[in-house]
Amino acid sequence: MMSATAPSRYGEPAVGAGDDPRHYAAVLAAVYDAAMSGNRPPARPRDVIGQSWGRVLDAGVDPDHGSPEHLIDAAELEARRSESPLALVLDDLTGGLDAMIADGDNILVIADASGRILWRGGQTRVLHRADRLGFVEGADWGERSVGTNAIGTALMSGGPVQVFSAEHFVRTHHTWTCAGAPIRDPRSGSLLGVVDVSGPASTIHPTTLALVSAVAKLAESQLREHHRRRLDELRAVAAPILARSSGPALAVDADGWVAAVDSVAPCSRLILPRRPEPGRAWLHAVGACEFEPLPGGWLVRVSDDQGPARATVVELDLDDRHAPMVRVSGTEGSWTYRPSPRHAEILALLVDHPNGLSAAAMSEELFGADDRTVTVRAEMSRLRKSLGGLLAANPYRFAAGVDVRDARGGQRGSETREV
C-alpha cells in the first residue's frame with residue numbers, strides 16, 4: 001500500500017486485505033513525524049492524504065489540538081437538521097450501516113456539506129470515546145477545523161476516502177480509523193453532506209469504504225425517487241388548474257424544477273428569484289409572469305398584463321378544531337389544505353400578528369415560555385413545506401401579496417385581513 005517508490009492509488013482503502021494494520025500504522029507514524037518536522041519521509045502518503053495535509057498546513061491547523069471548537073447550539077442544530085435534504089434519507093443511511101455499529105466498535109456519523117455533524121449513532125462505549133475527541137453532534141469536522149479526516153477530506157476531494165491512524169492530521173485522532181463517502185444532490189450534483197463510519201484504529205477493515213460508498217449511492221437514489229414523487233404530487237394538484245388556464249403557465253417546485261407546463265416550451269427547470277413571493281416577477285426564461293402558490297411549489301403564469309398584480313386569496317376556517325381548513329385561490333383556480341390542530345393554531349397567530357412573530361415570540365404564545373424555539377422552528381419548517389410561498393420568515397408571517405380572510409369574524413378581529 002505504501003512504499004518509497006510506489007505510492008498508493010488515490011481512491012483505494014487505507015489498508016488492503018493482505019496488509020498488517022499494525023505494521024502499516026507504524027509506517028504511517030514515521031511518515032507523519034517526518035512530514036510534520038520537515039524531514040524526508042520514509043515513504044509517500046497516499047495522494048488523497050498528501051493533498052489534504054497540504055491544504056491543512058496552508059490553513060494553519062494545529063496538529064496537536066486542531067482549531068478551537070465551535071459547537072452550534074441545539075436550536076441551530078435542529079434547524080440544520082430540518083432543512084437538510086439528508087433528513088429524507090436518514091432511515092436509509094442508518095439502516096444500511098446498522099451492521100457496522102451493532103457490535104459497539106464503530107459509530108455512524110452524518111454531516112452536512114460544511115462538515116457539521118448533524119446526526120450520529122452507536123453504542124455508548126464508543127460514543128464516550130468519540131466525545132473525548134469532540135466528535136459530537138453540532139461539531140465542525142471540516143478540514144479547516146480538525147485537519148485530515150474522512151468527513152472533511154471526502155468533502156474536499158469529492159470522493160469516498162478512508163483515513164487510518166496517522167493519516168489523520170491531528171495527533172489525538174491517530175488511534176482512530178474512519179471511512180466517509182459524499183452524498184450529492186442527484187438533480188444538480190451539488191454536495192449535500194457525508195456519511196461516515198468511525199471507530200478505534202484496530203477496527204479497520206478494507207470493505208468498510210466500499211459499504212459506506214454503496215450506502216451513499218443508495219441515499220442518492222432514494223433522493224432522486226423522492227424528488228420524482230414530489231413532482232408527481234405537484235403535477236396532480238396543478239393539472240386541473242393548468243387545464244383552466246387562460247394563458248401559458250408552468251407548475252414548478254420550490255427549487256424551480258418543472259412538474260407540468262401548458263402552452264410553454266418544455267424545460268426541466270426555471271431559475272427562480274432567491275425568495276419568490278406571490279405576485280409579479282421577471283424571469284429571464286419566460287419574461288413577465290405572476291407567481292401563485294401551490295402546495296410544494298408555484299404556478300408561474302406568463303403574462304403581458306401591465307395592470308396591477310392580482311393577490312392570492314387565503315381563506316382560513318379554523319373554528320372547527322377537528323377539521324380546520326385553508327383554501328387558497330389564485331387567478332386560475334384553487335386548492336385546499338387541512339392543517340393539523342397545532343398548525344391551525346400557528347396560522348391563527350399569524351393572522352392576529354400581521355407584522356410577524358419571532359420564534360421566541362411564537363414560543364411564548366404557544367407554550368407560555370420563550371424557550372421552545374427549537375420546536376417552533378421545526379413546526380414552521382413543516383408548515384412551510386405544505387403552504388410554500390404563502391409564508392415568510394424572519395419574522396414568521398404571511399407573505400406580501402397574500403390577501404388573508406379569516407372566517408372567525410368578530411372573535412379575533414375583522415373578517416378580512418390584508419397582509
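Reader: How many nonpolar, polar and charged residues does the lining of the largest cavity have?

Author: In this predicted model, the lining of the largest cavity has five nonpolar, five polar and one charged residues. The residues concerned are Leu-133, Phe-135, Trp-141, Asn-149, His-168, His-173, Trp-176, Thr-177, Cys-178, Asp-196 and Ser-198. Since Asp counts as charged, Asp-196 in that list is the charged residue of the lining.

Reader: What makes this space a cavity, and how much space lies in it?

Author: The word cavity is used because a 1.4 Å probe fits there but cannot get out, and about 80 Å³ of space lies in the largest cavity. The search of the whole structure finds three cavities of 30 Å³ or more.

Reader: Which strand gives the most to the lining of the largest cavity?

Author: Strand 4 gives the most, with three residues, and both strand 4 and strand 5 supply at least two residues of this lining. These two strands also each supply at least two residues of the lining of the second largest cavity, which has a volume of about 70 Å³.

Reader: What lines the second largest pocket, and what makes it a pocket and not a cavity?

Author: The second largest pocket is lined by 19 residues, with His-65, Ser-67, Glu-69, Leu-133 and Val-146 nearest its centre, and it has a volume of about 250 Å³. It is called a pocket because a pocket is an open set of points, whereas from a cavity the probe cannot get out. Its lining has seven nonpolar, eight polar and four charged residues.

Reader: Why are strand 2 and strand 3 called edge strands?

Author: Five strands form an open sheet in the order 2-1-5-4-3, with antiparallel pairing, and strand 2 (117-122) and strand 3 (161-164) are its edge strands in that each pairs on one side only. Neighbouring strands of this sheet are turned by 15° against each other on average, direction ignored.

Reader: How do you know that strand 1 and strand 2 pair?

Author: Pairing requires at least two bridges, and five bridges join strand 1 (residues 107-112) to strand 2, so the two strands count as paired. In one of these pairings, Ile-110 has Trp-119 of strand 2 as its bridge partner. Helix 3 (residues 74-83) lies across both strands and runs at about 90° to strand 2.

Reader: Why is helix 11 called roughly perpendicular to helix 12?

Author: Helix 11 (residues 359-367) and helix 12 (residues 373-387) pack at an angle of about 95°, with their axes 8 Å apart. Angles of 65 to 115 degrees count as roughly perpendicular, and therefore helix 11 is roughly perpendicular to helix 12. Among the residues that make the contact are Met-362 and Leu-366 of helix 11 and Val-376 and Arg-377 of helix 12; by class, the contact has seven nonpolar, three polar and one charged residues.

Note on methods: Residues are numbered from 1 along each chain as its sequence is written. This is a predicted model: local features need pLDDT of at least 70, side-chain atom pairs count only at pLDDT 80 or more; totals for chains, interfaces and linings use all residues. Side-chain values use heavy atoms; hydrogens and water are left out. Axes are lines fitted to C-alpha atoms, for helices over the stretch in contact, and angles run from 0 to 180 degrees between N-to-C directions. Helices (H or I, at least four residues) and strands (E, at least two) are DSSP runs, numbered from the N terminus. Angles under 35 degrees count as roughly parallel, over 145 as roughly antiparallel, 65 to 115 as roughly perpendicular and the rest as oblique. Contact means heavy atoms within 4.5 Å. On a 1 Å grid over the protein atoms alone, a cavity is a set of points where a 1.4 Å probe fits but cannot get out, and a pocket is an open set with protein on both sides within 12 Å along at least five of seven lines; lining residues have an atom within 4 Å of a point. Grid points are joined across faces, edges and corners, and a volume is the space filled by probe spheres set on the points.
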